[in-house]
Amino acid sequence: MTAPRVSRARTLFTWTLAAGLLLLSGCVYLRLLALKRQLKDFDRHFALQTDVGVKIIAQDPVLLAEDVRWLGLRPETIRKLGRAEQWHVRWVKQLPAGVTEKAVFHIALDITFADGKLTGISIPESYFALLPKDFLIGVLRSLGGAAVDRSEREVEAAVKAEEVRLARPSLPTVDRILGLPTEERTDGEHTVQRYRYVPATPERGARVFEMVLRYHTASGELLHWQGRTPMGTIAFDFAAKPANPK
């Protein structure tokens with residue numbers, strides 16, 4: 001007689017746990033929507049410091065540290081700052097077998113929380129050596145029109161380059177910024193590069209960072225850029241103009 005009771009207890013526990021997870025994800029979803037609304041009125045809800053690197057400061061923070069973990073970001077290190085803490089998040093680029101680089105082309109950023117809420121993101125100056133800071137600022141502003149996908153835990157946006165006033169980078173410029181790609185192939189008159197970065201902290205639930213770039217092979221001009229990040233997917237279409245290969 002006890003077996004059915006145990007089975008029923010386990011079933012109730014499973015449903016209770018599932019309901020709890022659904023409620024949690026629903027709360028995250030609502031906070032992501034609140035963040036999206038803030039991004040539509042960027043200057044009201046965020047401040048920028050661009051003297052050294054770029055720091056985005058949330059004036060009315062809505063995302064929690066647990067939301068950031070739920071989205072797939074995991075800190076490599078955590079530094080306590082009184083009631084605040086700073087996460088250092090880093091992704092390591094994967095290279096083809098047997099290939100090495102002299103320089104280091106990892107991706108890293110610092111995330112600050114105060115009283116458990118995300119208050120700031122800092123990006124090092126080195127990332128802006130060849131690309132203007134206006135690029136990143138334009139990207140952030142464009143996310144106000146992004147779609148929030150609750151089931152996939154991500155935000156998706158497709159943006160035309162002119163909407164963020166972004167000049168079209170060339171293949172040599174991107175190579176200097178990102179180094180060698182994880183994978184490269186030819187697709188007709190186009191060259192396609194894929195960059196894959198894995199979390200420096202091998203913690204369960206941490207998500208990879210990937211970029212796919214498509215160029216016109218003859219001119220070296222970038223036509224399309226897509227990034228799949230722990231926070232979601234964003235793509236940029238660069239207005240194509242006829243190439244005049246010599």
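View 1. The buried residues of helix 5 pack against strand 4 (84–93), strand 10 (190–199) and strand 11 (209–216). Helices (H or I, at least four residues) and strands (E, at least two) are DSSP runs, numbered from the N terminus. This is a predicted model: local features need pLDDT of at least 70, side-chain atom pairs count only at pLDDT 80 or more, and totals for chains, interfaces and linings use all residues. Residues are numbered from 1 along each chain as its sequence is written, and side-chain values use heavy atoms, with hydrogens and water left out.

Which residues of helix 5 are buried? They are Thr173, Val174 and Leu178, in a helix that covers residues 171–178. Buried means under 20% relative accessible area, exposed over 50%, partly exposed in between (1.4 Å probe, protein chains only). These residues lie on the same side of helix 5, because they cover an arc of only 110 degrees around the axis. The arc is that of the directions from the helix axis to the C-beta atoms. Just after helix 5, Gly179 takes a positive phi of about 75 degrees.

**View 2. Glu85 sits in strand 4.** Glu85 is buried, with a relative accessible area of 16%. Its side chain makes a polar contact of 2.6 Å with the side chain of Lys80. Another polar contact, 2.9 Å, joins the side chains of Glu85 and Trp87. A polar contact is a pair of N or O atoms within 3.5 Å; within protein, one must be able to donate a hydrogen and the other to accept it, and residues adjacent in sequence count only if both atoms are side-chain atoms. Leaving aside neighbours within four places in sequence, Glu85 is in contact (heavy atoms within 4.5 Å) with residues including Ile78, Ile111 and Phe113.

**View 3. Tyr197 belongs to the largest nonpolar core.** That core has 41 residues. Trp91, Ile111, Tyr197, Met211 and Leu213 touch the most other members. A nonpolar core is a set of buried Ala, Val, Leu, Ile, Met, Phe, Trp, Tyr and Cys residues joined through side-chain atoms within 4.5 Å. Leaving aside neighbours within four places in sequence, Tyr197 is in contact with Leu178, Trp91 and Met211, among others.

**View 4. Leu33 lies in helix 1 (residues 2–40).** Is Leu33 buried or partly exposed? At 22% relative accessibility, Leu33 counts as partly exposed. The C-alpha atoms of Leu33 and Val62 are separated by 9.8 Å, and the two residues are 29 residues apart along the chain.
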